[in-house]
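Please consider the side-chain contacts of the following model, with attention to charged and aromatic residues. The explanation below leads through them step by step.

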Amino acid sequence: MPKVTQQHMDARREQILDAARRCFLRDGFHSTSMQDLFAESGLSAGAVYRHFTSKDEMILAIAEENMSDVLDITLTVATNRQGQSMGAVMAELLDVIRVKSVEEDVAGLAVLVWGEAMRNPSLARKLDHLIGRIRANLVTLVRDHQERGGLPADVTAEAIASTMLSILPGYILQVALLDPAVVADVPDAVRALWPGPADGR
């Protein structure tokens, strides 16, 4: 038999996750059965189970993928110290969420995942871990801005990072539920609120 390549395996995995996203957005997590997922993906039960043993595994994978770009941006900025203002960093994160929501309805899926995390300890732990990594990257960036006088030093970097991070869920919720025009100017507003020395102010 020909050897199955990693590229083929990755493509199959993404095919299954794409089908799961459609099912979950259409019917919710609990109303979606594994049979629904087999039918939506066009794959056999064996092919699906080769990659995921349960719906919970799919939900975890989707949650991780949804947050990967946000994590990557914060890590890149925190590591390279690109001189971006806090507002510019947050605006970039919001822009990524907006684009991915147009392409994959990431905002809608995020709201579903949050609700599921309230009853699913494994998912809650995964989200806690991912959010903790994003917060740690923001803390590094905040400290850099505090040292350069761009943010107040009489508040802990951890508290400021948590405050910045609080913007994301509110924005995601609005993207998921409201007319896009309502939040279209939010990235620009964030840039204006936290210009920092990197913006020459």
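**Salt bridges and aromatic pairs**

Asp18 has a relative accessibility of 32% and therefore counts as partly exposed. The model in which this residue is placed is a predicted one. The side chain of Asp18 meets that of Arg21 in a salt bridge, with an N to O distance of 2.7 Å. Both residues belong to helix 1, which spans residues 6–27, and they are three residues apart, about one turn of the helix. Arg21, at 6% relative accessibility, counts as buried, because the limit for that class is under 20% relative accessible area.

Arg21 also meets the side chain of Glu65 in a salt bridge, at 2.3 Å from N to O. This pair links distant parts of the chain: Glu65 lies in helix 4 (residues 55–80) and Arg21 in helix 1, 44 residues apart. Glu65 is partly exposed, its relative accessible area being 24%.

In general, side chains of opposite charge can pair when their charged atoms come close. The structure holds 14 salt bridges. One of the salt bridges joins the side chains of Arg22 and Glu40, with 2.8 Å between N and O. Here too distant parts of the chain are linked, as Arg22 is in helix 1 and Glu40 in helix 2, 18 residues apart. Both partners are classed as partly exposed: Arg22 has a relative accessible area of 40%, and Glu40 has one of 26%.

Attention now turns to the aromatic rings. How many aromatic pairs does the structure hold? There are two aromatic pairs. Phe24 and Phe29 form an edge-to-face pair, with 4.7 Å from centre to centre and 75° between the planes. Phe24 and Phe29 are both buried.

Phe38 and Tyr49 likewise form an edge-to-face aromatic pair, with their centres 5.6 Å apart and their planes at 75°. Phe38 is part of helix 2 (residues 34–41), whereas Tyr49 is part of helix 3 (residues 45–49), so this pair ties together parts that are eleven residues apart in sequence. The burial of the two partners can be read from their accessibilities. Phe38 counts as buried, because its relative accessibility is 9%, while Tyr49 counts as partly exposed, because its relative accessibility is 38%.

Key: Residues numbered from 1 in each chain as written. Predicted model: local features only at pLDDT ≥ 70, side-chain atom pairs only at ≥ 80, totals over all residues. Heavy atoms only, no water. Phe/Tyr/Trp six-rings, centres within 6.5 Å; stacked < 30°, edge-to-face > 60°. Buried < 20%, exposed > 50% of the residue type's maximum accessible area, 1.4 Å probe, protein only. Helix = DSSP H or I, 4+ residues; strand = E, 2+ residues; numbered from the N terminus. Salt bridge = Lys/Arg side-chain N within 4 Å of Asp/Glu carboxyl O.
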